[in-house]
Amino acid sequence: MKLKSILTFCLISMLISCNAQTSKNIKTVEVPAFAKEIKTTQKPQILDVRTPEEFSQGHLNNATNIDWQGDHFVQDAEKLNKNKAVYVYCRSGKRSLKASEKLAEMGFKKIYNLEGGYQKWTAESNKKQ
């Protein structure tokens, strides 16, 4: 009885710890590193996962808008090149991390998630002006 309880506890602990880890394909980076990556990459795949309304209020140059909360996220993301790095952002970084995890599940090899999202990007940009 005691052994069964211990084994159950160990199994549950392993499952929880595995689910808490993000994919090795995802790298969450600060604004300067994200900016450097998209600047030094030829034709970067920049993915804005906010709503179309948020996107229309401002976005990164050359970004593609695929709404994480929309009905066609997977279908639209399948059109991107899985072997090329994808640079993902949202408003604050929460949706983009979830979207990045989904992209990793879909087989994307290299995913950069913007720490702090578009809010932090614009705040950093305003500091430079």
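Reply: Let us begin with a charge and a ring: Arg 50 lies over the face of Tyr 118, at 4.5 Å from the ring centre. A charge sits over a ring if NZ of Lys or CZ of Arg is within 6 Å of the ring centre and within 35 degrees of the ring normal. This is a predicted model, in which local features need pLDDT of at least 70 and side-chain atom pairs count only at pLDDT 80 or more, while totals for chains, interfaces and linings use all residues. Residues are numbered from 1 along each chain as its sequence is written, and side-chain values use heavy atoms, with hydrogens and water left out.

Me: Why is the pair of Trp 68 and Phe 73 called edge-to-face?

Reply: Rings of Phe, Tyr and Trp (its six-membered ring) pair if their centres lie within 6.5 Å, and planes under 30 degrees apart count as stacked, over 60 as edge-to-face and the rest as tilted. By this rule the count comes to five aromatic pairs. In the pair of Trp 68 and Phe 73, the centres are 4.9 Å apart and the planes stand at 80°, so the pair is edge-to-face.

Me: What makes Phe 73 buried, and why is Trp 68 called partly exposed?

Reply: Buried means under 20% relative accessible area, exposed over 50%, and partly exposed in between (1.4 Å probe, protein chains only). Phe 73 has 4% relative accessibility and therefore counts as buried, whereas Trp 68, at 24%, counts as partly exposed.

Me: How do you know that Gln 45 is buried, and which residues does Gln 45 touch?

Reply: Gln 45, whose place is in strand S2, has a relative accessible area of 12%, so it is buried. If residues up to four places away in sequence are not counted, Gln 45 touches Leu 80, Asn 81, Lys 84, Ala 85, Val 86 and Tyr 87, where contact means heavy atoms within 4.5 Å.

Me: What are the edge strands of the sheet, and what makes them edge strands?

Reply: Strands (E, at least two residues) are DSSP runs, numbered from the N terminus, and two strands pair if DSSP finds at least two bridges between them. Five strands form an open sheet in the order S1-S5-S4-S2-S3, with parallel pairing. The edge strands are S1 (26–29) and S3 (63–65), each of which pairs on one side only. Strand S2 (residues 45–48) and S3 have three bridges, so they count as a pair; in S3, Ala 63 is the bridge partner of Ile 46.

Technical notes: Helix = DSSP H or I, 4+ residues; strand = E, 2+ residues; numbered from the N terminus.
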